[in-house]
Amino acid sequence: MDINPFQPGSGQMPPLLAGRDAAQNDIKKLLVKLDLPSGVPSDVLLYGPRGIGKTVLLQWLEEYCIEEHKCRVLPIVPSDTMALKDQLMEALDTPQAQVTTERSSSLGISLLKALVKRTVVQSSQARSLVSFLIDLANKKPLVLLVDEAHTMPAKWGRELLNVSQDVRKKAPFLLVLAGTPGLRDCLLPMKATFWIRTNKIPMGRLTESAATDAISTPLHNEGISIDPDVLTQVVTASQCYPYFIQLWGSILWDAAKEAKCDQIDQALLDKTRGAFDYKKGMLYQEYYEELKQQHMVPVALSIAQAFEGREAISDIELHDTVAGKHVGVNPPDIVLETVRELRKLDYIWQGSEGSVWHPGIPSLMTYVQTEAQNLEPDNSSALAGAWMHPQGALALKGAWGDLDDQVVDNLMDEIYEARRIDKGRPVEMGN
Ligand SMILES: Nc1ncnc2c1ncn2[C@@H]1O[C@H](COP(=O)(O)OP(=O)(O)OP(=O)(O)O)[C@@H](O)[C@H]1O
Ligand SMILES: [Mg+2]
């Protein structure tokens with residue numbers, strides 16, 4: 001039976017890893033330094049919205065490190081329950097680690113296992129973990145890949161960053177962290193200087209030409225061609241978002257096989273649109289629920305309106321929109337916190353340019369606009385204001401329209417609870 005080559009999902013290597021040359025080259029340049037006595041100058045941080053391709057880039061990196069640089073690679077995900085050193089030791093005991101150690105014949109697997117166990121017992125201090133990793137990396141360059149790094153507990157993360165810095169100074173060692181843009185907020189309080197000096201690689205959507213390749217090449221390799229005009233329409237509909245690219249590829253491949261044809265034309269594309277829209281809708285529904293749970297729909301709606309017809313808006317415009325000028329108050333800490341929260345939810349995304357913002361998950365804003373249509377305009381602006389400045393909500397009574405006082409009180413209780421604000425706590429007023 002033919003197997004569909006496309007991989008719509010999470011963490012599955014696509015048939016063609018397209019459009020990541022810049023990120024790959026940045027990492028390759030650093031890896032060259034791994035073999036020099038001076039070592040690599042900093043850790044690497046890959047960050048981008050969900051479904052953008054971080055995990056698969058880590059998979060590519062793992063293979064590249066093993067094949068091109070003969071490194072030992074430890075892929076891990078932060079743990080809530082295990083200490084960093086225990087987790088590293090456990091990772092070293094995995095078959096992948098055993099395979100790489102088999103090559104150094106003087107140190108057999110059982111000996112390594114014994115060494116690992118002894119180190120677990122002995123290394124009650126982070127220092128001994130550092131010595132252990134230095135020894136290990138001096139035998140064979142060591143690359144530690146941490147996926148889902150935005151979920152690092154503070155203590156675990158702080159220790160990791162310190163260990164990495166100490167090991168990197170004395171042995172060929174590289175730490176690569178991959179996570180959503182929330183990773184920045186997670187790292188900042190851990191070690192502010194680390195964030196400034198680390199090698200940050202933002203991952204955004206693919207270019208149109210990369211998205212075109214990602215769809216057409218695997219189809220072509222399977223003996224299926226696609227009309228140029230149809231391909232353009234598919235690329236546009238995928239919005240160059242890697243997950244949607246795989247989804248389109250997979251749906252088109254299935255349709256071509258079912259129709260027993262080797263040419264994807266307009267009629268076949270039209271037949272498949274419903275299947276894509278259904279899957280896309282399911283994904284958006286999940287994101288919308290997250291926004292709803294955090295009472296972010298009104299503010300998300302205002303932002304969607306600010307973005308209408310534009311690919312990017314300035315930092316100032318975003319903050320002004322969130323501050324909700326109509327409310328007339330602007331507590332800066334609350335505005336910043338709301339922006340951070342929306343970035344964490346991948347609703348907005350700031351790439352390498354820094355001063356401008358883009359939509360995070362593509363066209364989620366259009367979905368929010370459609371779904372939020374039934375919010376009364378007056379109520380939604382009052383809700384947005386109340387969310388930003390709950391203590392000022394009473395002054396907004398006029399904006400609540402015909403809503404019953406009891407309904408307003410209940411909404412306010414929900415907002416206080418969701419924002420975890422003590423009703424009695426005074427809010428510092430901004431400009
Ligand atoms: N460069 C690429 N070209 C084509 N498809 C890609 C590319 N990168 C990722 N994909 C596809 O996109 C989807 C998401 O990839 P992946 O799981 O790596 O994203 P992620 O950023 O790790 O998401 P999450 O934050 O949810 O873990 C997968 O279906 C994957 O096959
Ligand atoms: Mg991932």
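Me: What percentage of the residues in the protein is buried?
Reply: This is a predicted model, and the values here are computed from it. A residue counts as buried if 20 or more other C-beta atoms lie within 10 Å of its own. Of the 431 residues in the protein, the share that is buried comes to 36%.

Me: How many helices and how many strands does the protein have, and what share of the contacts with a separation of 6 or more joins residues 24 or more positions apart?
Reply: The secondary structure of the protein consists of 19 helices and 10 strands. Among contacts with a separation of 6 or more, the share that comes from residues 24 or more positions apart is 75%.

Me: Which residues touch the most other members of the largest nonpolar core?
Reply: The largest nonpolar core holds 48 residues, and the ones that touch the most other members are Leu46, Leu133, Val143 and Val176. Apart from it lies another core, of 25 residues, which includes Leu301, Ile303, Leu342 and Met365. The residues asked for, in the largest core, are therefore Leu46, Leu133, Val143 and Val176.

Me: Is Val143 buried or exposed?
Reply: Val143 is found in strand β3, which covers residues 142-146. Leaving out residues up to four places away in sequence, Val143 touches Cys65, Cys71, Val73, Leu174 and Val176, and its C-alpha atom is separated by 6.2 Å from that of Leu74, 69 residues apart along the chain. Because 26 other C-beta atoms lie within 10 Å of Val143, this residue is buried.

Me: Which residues of strand β1 point the other way from Val44 and Leu46?
Reply: In a regular strand the side chains alternate between the two faces of the sheet. In strand β1, residues 44-47, all of the residues are buried, with Val44 and Leu46 pointing one way. Leu46 touches Lys54, Leu57, Val176, Ala178, Ile201 and Met203, when residues up to four places away in sequence are not counted. Pointing the other way from β1 are Leu45 and Tyr47.

Me: In which sense does β1 pair with strand β4 and with strand β5?
Reply: Strand β4 (residues 173-179) is joined to β1 by 4 bridges, and Leu45 stands opposite Leu177 in β4. Strand β5 (residues 199-202) also pairs with β1 over 4 bridges, and there Val44 stands opposite Asn199 in β5. The sense of pairing is parallel for β4, and for β5 it is likewise parallel.

Me: Which element gives the largest share of the shell around ligand 1?
Reply: There are 25 residues around ligand 1, and those that come nearest are Pro14, Arg50, Gly53, Thr55 and Pro242. The elements that give two or more residues to this shell are α2 (54-69) and α12 (242-258), and at least three residues come from each of domain 1 (21-202) and domain 2 (208-279). By type, the shell divides into 10 nonpolar, 12 polar and 3 charged residues. The largest share, 4 residues, comes from α12.

Me: Is Lys260, which has a positive phi, buried or exposed?
Reply: Most residues other than glycine have a negative phi. Lys260 is not a glycine, yet its phi is about 50 degrees, and it lies in the loop between α12 and β7 (263-264). Because 6 other C-beta atoms lie within 10 Å, Lys260 is exposed.

Me: Where is Ser363 found, and how many C-beta neighbours does it have inside 10 Å?
Reply: Ser363 has a positive phi of about 55 degrees although it is not a glycine. Ser363 is found in the loop between β10 and α17 (364-371). Ser363 counts as partly exposed, because the number of its C-beta neighbours inside 10 Å is 14.

Terms used
Residues numbered from 1 in each chain as written. Chains lettered and ligands numbered in written order. Predicted model: local features only at pLDDT ≥ 70, side-chain atom pairs only at ≥ 80, totals over all residues. Core = buried A, V, L, I, M, F, W, Y, C linked by C-beta atoms within 7 Å. Buried ≥ 20, exposed ≤ 12 C-beta atoms within 10 Å, placed from the backbone. Contact = placed C-beta atoms within 7 Å. Near = placed C-beta within 6 Å. Nonpolar A, V, L, I, M, F, W, Y, C, P; charged D, E, K, R; others polar. Domains from an automatic or database assignment. Pairing = 2+ DSSP bridges.
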